[in-house]
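Hello,

Here is the structure I promised to pass on to you. Have a look at it first, and then read my notes below.

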Amino acid sequence: PEYKVGPEGEKHDAFTTTEFAVQAGHPQQLRIDNTDSVPHSITAPAAGVNIVLMPGTHTYTLLVKQPGTFLWFCTFVCDEWAMQHPGYMSGYINVS
């Protein structure tokens, strides 16, 4: 979505899905509609993931080679509060 209401009642930038479950070594196609006018990202350095999400609807490939739980976050500064709280501009990739 364009935004999600935080616990303080303010609207914040957010992803609809912030938890991803994938199998190690198996590519997962993500169809993402970035409704913002600027790029965002799904970046998880520990998992070797850095997907730049351009405005509009595009398909991206998420591939993680090792099992584990990895924090991902957006590297493009947009909403400082949302960037610090999982479930908004960050979340987890769970790899089995």
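**What I found**

The chain is made up of 1 helix and 9 strands (helices are DSSP runs of H or I with at least four residues, strands are runs of E with at least two, and both are numbered from the N terminus). Starting at the N terminus, the order of elements is β-β-β-β-β-β-β-β-α-β.

Before going further, please keep in mind that this is a predicted model, in which local features need pLDDT of at least 70, side-chain atom pairs count only at pLDDT 80 or more, and totals for chains, interfaces and linings use all residues. Residues are numbered from 1 along each chain as its sequence is written, and side-chain values use heavy atoms, with hydrogens and water left out.

**Overall shape**

The C-alpha trace spans about 40 × 25 × 15 Å along its principal axes. Of the 96 residues, 35% count as buried; buried means under 20% relative accessible area, exposed over 50%, and partly exposed in between, with a 1.4 Å probe and protein chains only.

**The core**

The largest nonpolar core has 23 residues, and I42, V49, L62, V64 and I93 touch the most other members. Such a core is a set of buried Ala, Val, Leu, Ile, Met, Phe, Trp, Tyr and Cys residues joined through side-chain atoms within 4.5 Å. Strands that each supply at least two residues of this core include β3 (19-22), β6 (49-53) and β9 (90-95). The largest share, 3 residues, comes from β6.

Let's look at I93 in particular. Leaving aside neighbours within four places in sequence, I93 is in contact with several residues, among them F20, V49, L62 and W72 (contact means heavy atoms within 4.5 Å).

Is S90 buried or exposed? S90, which lies in strand β9, is buried, with a relative accessible area of 3%. Not counting residues up to four places away in sequence, S90 touches T18, W72, F73, M83 and H85.

V38 sits in the loop between β4 and β5 and counts as partly exposed because its relative accessibility is 37%. The C-alpha atoms of V38 and L53 are separated by 8.8 Å.

Best wishes
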